[in-house]
Amino acid sequence: MTGPAASTGYVAGTITFSVVDGPGNRFAIFLQGCNFDCVACHNPQTIPHAEGTHFTSTVDELLVKVRKAAPFISGITVSGGEATQQAEFVHAIFAAVKADPQLSRLTCFVDSNGACPPATWELLAPVMDGAMIDLKCLDPEIHLSMTAQPNDQVLASIRHLQAMGMLYEVRLLLLAGVNDDPALLGRTGEWLAAIDPHMRLKVIGFRAHGARPHDPPLMEPSLDQREAAATLLAATPGADFDICLI
């Protein structure tokens with residue numbers, strides 16, 4: 001982890017009530033620091049790894065906030081930045097929730113880019129209810145151009161979490177003219193279907209709001225383009241994906 005102790009970590013911020021960070025109404029915790037540098041990141045201020053004590057927070061401090069929201073939420077989600085960069089801190093948060101009689105009913109989810117070793121998921125599995133993994137692109141070269149990192153660990157995480165029964169959802173970001181080629185989407189659907197033909201997928205169109213300037217400018221996919229991508233994925237032979245389009 002990145003922090004002085006498992007009970008202390010670097011937190012960029014929290015959202016008391018979120019309906020886009022997992023199932024139901026959730027308390028979302030955003031950790032500081034990411035191992036990707038995505039061109040389409042809509043939260044780029046969380047990419048740099050924290051230094052000093054500016055972002056320092058303890059598990060107990062977070063649980064005070066969670067308890068206030070508990071009557072109105074179904075769970076908590078730890079995101080980022082990249083949650084798995086502070087895996088021991090995430091484990092400490094989830095373990096504290098599970099051990100608290102007031103909070104133990106809450107589900108604990110991780111929203112991750114998937115770029116971590118299997119040992120990270122083995123560490124989190126005893127206290128985690130599920131993980132949502134972003135697959136920026138199946139093609140390794142395009143993925144590298146989008147994130148500045150390879151995708152081998154991402155693909156391995158999807159396989160590993162599915163085998164563990166802890167893969168809640170795969171999220172596919174669409175960047176117009178970059179990773180939305182129909183043939184590429186077709187291969188992506190086939191790859192995912194080979195792992196689980198009933199996989200839950202979320203097709204997310206890139207939004208320029210909040211993203212860093214890029215030259216040439218990144219293009220938002222139109223509604224027609226997003227619907228076409230979802231339709232193509234749904235037509236994957238042998239698949240019966242549960243697809244959400246946003």
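This is a predicted model: local features need pLDDT of at least 70, side-chain atom pairs count only at pLDDT 80 or more; totals for chains, interfaces and linings use all residues.
Two strands pair if DSSP finds at least two bridges between them. Keep that in mind.

First, strand S4, residues 75–79. What does S4 pair with? On strand S5, residues 107–112, the count is four bridges, and the two strands run parallel. One spot to look at: Ile76 stands opposite Cys108 in S5. S4 has another partner, strand S2, residues 26–31. That pairing is parallel too, over five bridges. Here Phe30 stands opposite Ser79 in S4.

Now, is S4 buried or exposed? Mostly covered: five of its five residues are buried. Think about the faces for a moment. In a regular strand the side chains alternate between the two faces of the sheet. In S4, Gly75, Thr77 and Ser79 sit on one side. Ile76 and Val78 sit on the other. Every one of these is buried, so both faces are covered.

Next, the helices. Take H6, residues 182–195, and H7, residues 223–234. Their axes come within 9 Å. They cross at roughly 40°. Angles under 35 degrees would count as roughly parallel, and 65 to 115 as roughly perpendicular. H6 and H7 are therefore oblique to each other. Their crossing is right-handed.

Which residues of H6 meet H7? Pro182, Leu185, Gly186 and Gly189. On the H7 side they meet Ala229, Leu232 and Leu233. The residues of this contact divide into five nonpolar, two polar and no charged.

How values were computed. Residues are numbered from 1 along each chain as its sequence is written. Side-chain values use heavy atoms; hydrogens and water are left out. Axes are lines fitted to C-alpha atoms, for helices over the stretch in contact, and angles run from 0 to 180 degrees between N-to-C directions. Angles under 35 degrees count as roughly parallel, over 145 as roughly antiparallel, 65 to 115 as roughly perpendicular and the rest as oblique. A crossing is left-handed if the near helix is turned anticlockwise from the far one by less than a right angle, and right-handed if clockwise. Contact means heavy atoms within 4.5 Å. Ala, Val, Leu, Ile, Met, Phe, Trp, Tyr, Cys and Pro count as nonpolar, Asp, Glu, Lys and Arg as charged, and the others, Gly among them, as polar. Buried means under 20% relative accessible area, exposed over 50%, partly exposed in between (1.4 Å probe, protein chains only).
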